Amino acid sequence: MRQPLSRELNNLLERGRDRQLRLAVTGLSQAGKTAFLTSLVNQLRHAGLEARLDLLPAAREGRLLGAKRLNQPDLGVPRFPYDPGMAALSDTPPRWPEPTRGISELRLELRFTPAQRGWFTPETAQLTLDLFDYPGEWLLDLPLLQHDFYSWCQAQRQHTGPHRRALFTEWLTAVERLEPDAEVDEATLASVAKMYAEGLKRAKQAGFSDLQPGRFLLPGELEDAPVLQFFPLPDLTKPREILEALPQESLYATLKARFRYYQQQVVRPFYRDHFRRFDRQIVLVDVLGALNAGPERFEDLSHALGQLMKSFDYGKRSLLTRLFAPKIDRLAIAATKADHVTPDQHANVVALLEALLAEPLKDLRYANVPVKAFSLAAIRATTAREVQEDGKRTPALRGTTLEGEEVLLYPGDVPSRLPGTDFWQRQGFDYPSFRPMHRESDALDHIRMDAALDWLIGDKLQ
Ligand code: GDP
């Protein structure tokens with residue numbers, strides 16, 4: 001009969017085996033994914049040397065011995081561009097790394113000495129860390145899986161804000177002229193789809209985030225493929241049954257077929273082949289950027305995050321669980337670029353992030369997925385100062401703008417709750433984008449990357 005293994009022996013087996021963790025980083029574009037992953041790799045490579053990682057016990061205790069890059073196992077996934085990113089940051093003047101556009105991967109092997117030494121504990125242990133970075137826009141497509149073409153068209157009608165409509169004028173005018181039952185003309189369809197994609201891109205640039213389909217913004221290898229040539233029909237007046245019975249060559253049936261192909265051949269494979277296999281995940285959010293951009297954009301970010309977080313809704317009846325049975329066992333959400341505000345505001349940044357994600361966080365806690373919120377700066381571009389004003393000491397930030405101007409400023413108070421009309425009327429928040437700082441050491445300066453690292457991998461370095 002088999003005896004249960006003693007705890008000591010179990011530990012030994014566990015230690016002897018190479019441990020492995022798949023950690024994914026996501027966020028809407030401009031959220032700071034590329035900067036985050038570049039910094040994460042940099043911090044781990046310089047752990048025990050110049051990296052400042054006091055909030056990561058394995059590093060603080062001197063047990064983290066270093067990190068080596070290994071060849072990644074998934075040959076079909078591009079490699080995360082760490083070296084080009086570091087080269088940009090070392091340039092004169094330093095530049096931000098070029099953002100990644102699709103999924104990318106990097107494998108690190110971490111060596112550490114186990115915290116508790118017993119009879120059987122080896123001197124050192126390894127953790128293989130597979131890091132992934134993918135656009136949060138792709139997650140906006142999960143809700144699209146619960147629709148058919150007709151209900152998707154209805155759902156897209158909610159975007160009626162004046163600013164947003166203005167960005168789609170060209171497409172709206174063109175689409176109004178189309179009849180769902182007319183025979184499709186491929187050239188027209190391609191050109192109207194292009195207008196739709198351009199509307200989405202304009203909306204993205206204007207700071208809107210709730211944009212579907214996600215691949216229209218970041219098409220990768222699908223650029224110009226017919227699968228990306230569709231769009232919603234905003235003013236369907238005929239009943240569903242009549243539309244569904246239209247012949248295959250009709251505009252409606254063609255758009256419907258493309259929509260379905262997009263669901264089956266583009267959205268599903270990402271969840272099935274990648275998302276489902278991640279162990280841990282960090283979602284980055286540029287809360288401060290949205291606060292800086294104004295109420296319509298802030299509202300839009302809130303809506304987009306609501307959609308995006310559905311990919312982490314593990315409730316038994318959630319769409320995700322039903323379709324893909326994912327296994328993420330720990331989640332972090334982080335407000336990025338915290339170096340844009342003075343340190344006394346950081347607690348408010350976390351509170352605001354939690355307020356923004358209140359609903360999804362409730363669902364996650366209910367589903368018993370451990371989740372923690374942070375504010376951090378992956379690559380710190382400012383230094384905190386104090387200025388004397390009328391005999392009073394007030395906090396301030398010093399940094400260099402992208403244009404090269406040195407500034408000393410107080411960017412404003414961050415509200416700890418969702419901002420109401422009075423906040424926007426006061427316009428109490430304003431800051432420029434900063435250029436990365438010149439570095440004295442090999443390790444990048446950061447704010448609370450070590451706290452995030454501890455939450456994401458700390459338990460595996462025990
Ligand atoms: P991605 O599109 O999510 O990969 O975003 P990036 O990592 O490319 O970041 C977008 C921009 O945000 C960068 O070009 C920087 O201007 C800014 N940024 C990112 N991280 C930081 C940070 O830690 N501090 C500051 N000040 N700016 C940052």
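The following conversation goes through several assignments made on this predicted model.

Colleague: What makes L89 a buried residue, and where is L89 placed?

Modeller: L89 belongs to helix α4, and 21 other C-beta atoms lie within 10 Å of its own; because the cut-off for a buried residue is 20 or more, L89 counts as buried. Leaving aside neighbours within four places in sequence, L89 is in contact with P94, P97 and P436. The C-alpha atoms of L89 and M437 are separated by 8.2 Å, although these residues stand 348 apart along the chain.

Colleague: Why is Q30 called partly exposed, and what is said of its phi?

Modeller: Q30 has 17 C-beta neighbours inside 10 Å, and since a buried residue needs 20 or more and an exposed one has 12 or fewer, Q30 falls in between and counts as partly exposed. Its phi is near 80°, which is a positive value in a residue other than glycine, whereas most residues other than glycine have a negative phi. Q30 is found in the loop between β1 (19–27) and α2.

Colleague: What makes helix α17 largely enclosed by the rest of the structure?

Modeller: Of the 9 residues of α17 (residues 449–457), 9 are buried, so the helix is largely enclosed by the rest of the structure. Among the buried residues of α17 are M449, D450, W455 and I457.

Colleague: Why is α2 called roughly perpendicular to α4?

Modeller: α2 and α4 (residues 82–89) pack at an angle of about 95°, with their axes 10 Å apart. Because angles of 65 to 115 degrees count as roughly perpendicular, α2 is roughly perpendicular to α4. In this packing T34, T38, V41 and N42 in α2 meet Y82, G85 and M86 in α4.

Colleague: What makes β8 and β10 the edges of their sheet?

Modeller: 3 strands form an open sheet in the order β8-β9-β10, with antiparallel pairing. β8 (382–389) and β10 (406–409) each have a single partner strand, so one side of each is left without a neighbour in the sheet. Neighbouring strands of this sheet are turned by 30° against each other on average, direction ignored.

Colleague: How do you know that β9 is joined to β10?

Modeller: Two strands pair if there are at least two bridges between them, and strand β9 (residues 392–400) is joined to β10 by 4 bridges, the two running antiparallel. G399 stands opposite V407 in β10.

Terms used. Residues are numbered from 1 along each chain as its sequence is written. This is a predicted model: local features need pLDDT of at least 70, side-chain atom pairs count only at pLDDT 80 or more; totals for chains, interfaces and linings use all residues. Axes are lines fitted to C-alpha atoms, for helices over the stretch in contact, and angles run from 0 to 180 degrees between N-to-C directions. Angles under 35 degrees count as roughly parallel, over 145 as roughly antiparallel, 65 to 115 as roughly perpendicular and the rest as oblique. Two residues are in contact if their C-beta atoms, placed from the backbone, lie within 7 Å.
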